[in-house]
Amino acid sequence: EVQLVESGGGLVQPGGSLRLSCAASGFTFSSYWMHWVRQAPGKGLVWVSRINSDGSSTSYADSVKGRFTISRDNAKNTLYLQMNSLRAEDTAVYYCARDDGHWGKGTTVTVSS
Amino acid sequence: DIQMTQSPSSLSASVGDRVTITCQASQDISNYLNWYQQKPGKAPKLLIYDASNLETGVPSRFSGSGSGTDFTFTISSLQPEDIATYYCQQYDNLPPWTFGQGTKVEIK
């Protein structure tokens, strides 16, 4: 069974940093492109970042470019999102998703003083 | 960037009704379109991929159609468990993924 389990969310002050992780199991992680998507409270889904299967190519939404870094460790079957210079508007549930539409349950990030 | 315009933003229908949601892309995306169902507090669940293909295990009352810029999602006979928000999503590119604004479906 395909499983994606996010972790690393929490409460952080504006300007702070967090690293999210997404542990994958039940499939060959190294064969899939992966994404991060976020959803602010009461709002819709917004794509954040994507990484290709071997980690050599990444892309970002304009709203996070220069602040967030996506990466992966195929040996550990884990996807990461390093989030720096966090702002209140980054407050959201963050989901990792496989390129073909399988999603994890999400982890909540709250940016507040 | 590709924009996805989804309508309506909400609808109320009776059990057994046929429900239709539309999604329009700002440029040709061929059939690179998914439809998701999201229930409160839960992750989105893929229902339809490649515009018209039913994901394994999804009830056949759900269907999708369209190509190019205009797409339609249909629930042929609304059930109480279908109460959710539905999103279209393009994966043609620019940026890699773009979502519609969502349609909240309620029971009348």
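Q: In chain A, what share of the contacts with a separation of 6 or more comes from residues 24 or more positions apart?
A: Residues 24 or more positions apart account for 51% of those contacts in chain A, where contact means heavy atoms within 4.5 Å. This is a predicted model, in which local features need pLDDT of at least 70 and side-chain atom pairs count only at pLDDT 80 or more, while totals for chains, interfaces and linings use all residues. Residues are numbered from 1 along each chain as its sequence is written, chains are lettered from A and ligands numbered from 1 in the order in which they are written, and side-chain values use heavy atoms, with hydrogens and water left out.

Q: How many helices and strands in chain A?
A: Chain A has 0 helices and 10 strands, taking helices (H or I, at least four residues) and strands (E, at least two) as DSSP runs numbered from the N terminus.

Q: And what fraction of chain A is buried?
A: Of its 113 residues, 46% are buried, where buried means under 20% relative accessible area, exposed over 50% and partly exposed in between, with a 1.4 Å probe and protein chains only.

Q: Switching to the interface, how much area do chain B and chain A bury?
A: They bury about 1200 Å² between them, with 67% of it on carbon and sulfur atoms; buried area is the accessible area (1.4 Å probe) that two parts lose on being put together, summed over both. B:Pro96, B:Trp97 and B:Phe99 supply 45% of the area that chain B buries against chain A, more than any other three residues.

Q: How many residues are in contact there?
A: In chain B, 12 residues are in contact with 20 residues of chain A.

Q: How many salt bridges?
A: The count between chain B and chain A is 0, a salt bridge being a side-chain nitrogen of Lys or Arg within 4 Å of a carboxyl oxygen of Asp or Glu.

Q: Which peptide bond in chain B is cis?
A: The bond from B:Ser7 to B:Pro8 is cis, with omega near -5°, and B:Pro8 lies in the loop between strand S1 (4–7) and strand S2 (10–13) of chain B. Most peptide bonds are trans, and most residues other than glycine have a negative phi.

Q: What about phi at B:Asp50 and B:Ala51?
A: Phi is positive in both residues, near 50° for B:Asp50 and about 75° for B:Ala51. B:Asp50 is found in the loop between strand S5 (45–49) and strand S6 (53–54) of chain B, and B:Ala51 is also in the loop between S5 and S6.

Q: Is B:Ala51 buried or exposed?
A: B:Ala51 is buried, with a relative accessible area of 1%, whereas B:Asp50, at 26% relative accessibility, counts as partly exposed.
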